[in-house]
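Biologist: Can you put the model up? I'd like to go through the charged pairs and the surface.

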Amino acid sequence: MPLLDAVPPVRGRPRPRRTPQSVFADRGYDHYVHRDQVRARRILPVIARRGTPHGSGQGVYR
């Protein structure tokens, strides 16, 4: 969570955002505590679920 708090404002918009719209994470962060903390900051968590098959290839989204 300290990393999310340290993200600088997103540039290139008339009114820059102070937080990112979404956060991509790997299966190591698949826990409701992490998802709830990210949602509390109004950020969409995109965290891979444990026990599900991997995507179509390494590095597709991250």
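**Contacts and salt bridges**

Modeller: Leaving out residues up to four places away in sequence, Arg35 touches Asp30, Pro45, Ile47, Ala48 and Arg49; contact means heavy atoms within 4.5 Å. This is a predicted model, where local features need pLDDT of at least 70 and side-chain atom pairs count only at pLDDT 80 or more, while totals for chains, interfaces and linings use all residues. Residues are numbered from 1 along each chain as its sequence is written, and side-chain values use heavy atoms, with hydrogens and water left out.

Biologist: Where is Arg35 found?

Modeller: Arg35 sits in helix H2, residues 32–40. Helices (H or I, at least four residues) and strands (E, at least two) are DSSP runs, numbered from the N terminus.

Biologist: Is Arg35 buried or exposed?

Modeller: Arg35 is buried, at 7% relative accessibility. Buried means under 20% relative accessible area, exposed over 50%, and partly exposed in between, with a 1.4 Å probe and protein chains only.

Biologist: What does the side chain of Arg35 meet in a salt bridge?

Modeller: Asp30, at 2.8 Å from N to O. A salt bridge here is a side-chain nitrogen of Lys or Arg within 4 Å of a carboxyl oxygen of Asp or Glu. Asp30 is buried as well, with a relative accessible area of 17%. Arg49 joins Asp30 and Arg35 in a network of salt bridges. The side chain of Arg35 also reaches the backbone oxygen of Ile47, at 3.1 Å.

Biologist: How many salt bridges does the structure hold?

Modeller: The structure holds 4. One of them pairs Arg41 with Asp5, with the closest N and O atoms 2.9 Å apart. Arg41 lies in the loop between H2 and strand E2 (44–47) and Asp5 in helix H1 (residues 2–5), so the pair ties together parts 36 residues apart in sequence. Arg41 is partly exposed at 29%, whereas Asp5 is exposed at 54%.

Biologist: And which residue does Arg39 pair with?

Modeller: Asp36, in a salt bridge of 3.8 Å, N to O. Arg39 and Asp36 are 3 residues apart in helix H2, which means about one helical turn separates them.

Biologist: Changing topic: which residues form the nonpolar patch on the surface?

Modeller: Phe24, Leu44 and Val46, with about 260 Å² of accessible area together. Accessible areas come from the Shrake-Rupley method with a 1.4 Å probe, and for residues only the protein chains shown count as cover. Patches take residues with over 30% relative accessible area and no salt bridge, joining like charges within 9 Å and nonpolar side chains (Val, Leu, Ile, Met, Phe, Trp, Tyr) within 5 Å. Phe24 belongs to strand E1, residues 22–25, and is partly exposed at 41%.

Definitions and conventions:
A polar contact is a pair of N or O atoms within 3.5 Å; within protein, one must be able to donate a hydrogen and the other to accept it, and residues adjacent in sequence count only if both atoms are side-chain atoms.
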